[in-house]
Amino acid sequence: MNQAVSVKVASVPLEIEQRDAADPLRHLQARFHLPQGKVYLAGNSLGPAPVAAFDDIEAAVRKEWAQGLVQSWNDADWFSLVDTLGDRIGALVGAAPGQTVACDSVSINVYKALHAGLSLRPGRTTIVAEAGSFPTDLYVAEGVVAGRPDIKLLLEGVDADDIEELIDERTAVVLVNHVDYKSGELRDMAALTSRIHAAGAIAVWDLCHSAGVIAVELDACDVDLAIGCTYKYLNCGPGAPAFIYAAKRHQATLRQPLSGWWGHAAPFAFEVGYRPDSGARRLLCGTQPILSLRALNTGLAAIEDVAMVDIRAKSLAMSDLFIDLVEQTCRDHGATIVTPRDHAIRGSQVSITFKNGYAVVQALMARGIVGDFRAPDMMRFGFAPAYLSFADVYRAADAFNDVMTSGSWREERFNRRRAVT
């Protein structure tokens with residue numbers, strides 16, 4: 001474990017304090033547990049624990065499981081959690097009820113979504129994705145193609161410079177990230193979905209880095225399928241169940257290969273032979289992890305009573321402030337801010353490339369500023385409006401500038417790589 005560094009805490013300017021005093025979302029901070037003395041800028045990797053989660057999870061274990069036992073499938077509504085939680089997630093990403101279920105992992109849901117998209121466009125021969133996609137999306141896409149010799153995978157950045165160039169009459173499914181996990185660049189969902197539909201293809205959106213912090217509009221953008229995680233900006237816990245969305249217009253006809261009993265039209269009839277549910281539950285497979293699902297309750301409750309447009313506005317204001325404060329230091333020391341300045345194409349993180357970025361992130365962590373690093377040289381700083389203040393952003397930027405200017409990142413202990421980075 002890294003030793004703490006004794007540093008002078010930055011004095012926050014009055015105008016920054018005034019911005020916090022006027023912040024309409026400042027009351028949300030009390031809903032989260034954050035270790036004292038830390039500025040947490042890694043919510044784009046793992047969100048912090050909501051304070052209410054401690055009692056909620058204990059109740060799930062001590063009352064629902066320990067006391068209710070098998071009756072809790074009905075009495076505690078365990079069996080319907082996938083639907084009720086799914087609808088609550090759906091409300092945060094612009095989806096009407098009955099189109100989203102909370103279940104499984106992102107990887108499993110990508111697999112289901114790609115197969116579902118292929119089933120809706122039989123006879124077409126390509127899946128289009130991004131070479132720079134989060135690796136699990138590509139690994140799963142490769143697995144789908146390996147089992148379908150009639151299907152070819154085409155990648156933006158390999159087979160063409162722009163994804164639009166790869167979309168044509170052969171395209172069955174386009175799998176695309178709403179926000180690039182490395183650069184933080186935001187795609188235009190409405191425009192790209194329209195382009196995909198113009199070619200007669202199915203649009204599958206990965207919302208892992210936008211759900212809970214950007215005003216996503218799945219229904220308004222006419223999206224076909226979407227998947228996402230709940231452990232980043234939705235703050236539902238490490239490895240928390242993911243979600244999958246299917247537009248109502250597709251639900252009666254799409255097929256996915258993981259035909260488990262929870263996706264059956266009558267799961268407790270115990271019929272011989274699979275008959276899929278007529279709605280979004282056909283995207284389910286087997287029994288879901290109830291204790292993990294229960295953690296979603298407090299994560300969603302912590303932000304679902306505020307408008308997503310307000311969360312988005314504060315996110316942009318915080319990342320603007322951070323960029324303004326660090327960009328001269330970046331120029332002076334050979335670091336590059338790769339996240340777009342333009343609000344229309346910026347997610348909720350600021351990513352900076354620097355040859356020794358790993359050491360800089362470790363030096364910042366020793367000062368209580370928690371960001372993260374992605375190989376080979378990307379420093380990522382996530383700005384989650386629910387639990388961060390403008391004073392936090394100022395302190396983080398001040399520490400970044402000092403680490404870069406002083407060269408403290410050169411210390412040997414900050415350059416030792418750990419197994420999980």
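Start in the loop between strand S10 (243-246) and helix H8 and select Phe270. Helices here are DSSP runs of H or I with at least four residues, strands are E runs of at least two, and both are numbered from the N terminus. Phi of Phe270 is near 50°, a positive value in a residue that isn't glycine. Phe270 is also exposed, at 61% relative accessible area. For this tour, exposed means over 50% relative accessible area, buried means under 20%, and partly exposed is in between (1.4 Å probe, protein chains only).

Before you go on, a word on what you're looking at: this is a predicted model, where local features need pLDDT of at least 70 and side-chain atom pairs count only at pLDDT 80 or more, while totals for chains, interfaces and linings use all residues. Residues are numbered from 1 along each chain as its sequence is written, and side-chain values use heavy atoms, with hydrogens and water left out.

Next, jump to Asp77, in the loop between helix H3 (72-75) and helix H4 (81-92). Here is another non-glycine residue with positive phi, near 55°. Asp77 is partly exposed, with 46% relative accessibility.

**Salt bridges**

How many salt bridges does the structure hold? There are 24, each one a side-chain nitrogen of Lys or Arg within 4 Å of a carboxyl oxygen of Asp or Glu. Select Glu64 and Arg294 to see one of them, with the closest N and O atoms 2.9 Å apart. This pair links distant parts of the chain, 230 residues apart: Glu64 is in helix H2 (residues 52-65) and Arg294 in helix H8 (residues 290-301). Glu64 is buried at 14% relative accessibility, and Arg294 is buried too, at 10%.

Now pick Arg170 and Asp168, whose closest N and O atoms are 2.7 Å apart in a salt bridge.

Then go to Arg346 and Asp320, which meet in a salt bridge at 2.9 Å, N to O. Arg346 sits in the loop between strand S11 (336-337) and strand S12 (349-353), and Asp320 in helix H9 (residues 308-333), so the pair ties together parts that are 26 residues apart in sequence. Arg346 is buried, with 0% relative accessible area.

**A nonpolar patch**

Switch to a surface view and select Ile57, Val61, Trp65, Leu69, Val70 and Leu291. Together they form a nonpolar surface patch with about 530 Å² of accessible area (Shrake-Rupley method, 1.4 Å probe; for residues, only the protein chains shown count as cover). Patch members have over 30% relative accessible area and no salt bridge; nonpolar side chains (Val, Leu, Ile, Met, Phe, Trp, Tyr) are joined within 5 Å, like charges within 9 Å. Which helix gives the most to the patch? H2 does, with three residues. Val61 is found in H2, and is partly exposed at 31%.

**Into the interior**

Hide the surface and find Leu114 in helix H5 (residues 106-120). Leu114 is buried at 0% relative accessibility. Leaving out residues up to four places away in sequence, Leu114 touches Ile127, Ala141, Val144, Val173 and Leu175, where contact means heavy atoms within 4.5 Å.

Next comes helix H10 (residues 357-366): nine of its ten residues are buried, so H10 is largely enclosed by the rest of the structure. The buried ones include Tyr358, Val361 and Leu364. Look around them for strand S13 (369-370), strand S14 (372-374), strand S15 (378-382), H11 and helix H12 (412-415), which the buried residues of H10 pack against. H10 is followed by Gly368, which has a positive phi near 90°.

**Last stops**

Slide along to the loop between S14 and S15, where Pro376 lies. A cis peptide bond joins Ala375 to Pro376, with omega about 5°.

Finish with helix H1 (residues 14-21) and helix H11 (residues 390-406), which pack at about 145° with axes 8 Å apart. Ile16, Arg19 and Asp20 of H1 meet Phe390, Ala391 and Tyr394 of H11. Axes are lines fitted to C-alpha atoms, for helices over the stretch in contact, and angles run from 0 to 180 degrees between N-to-C directions.
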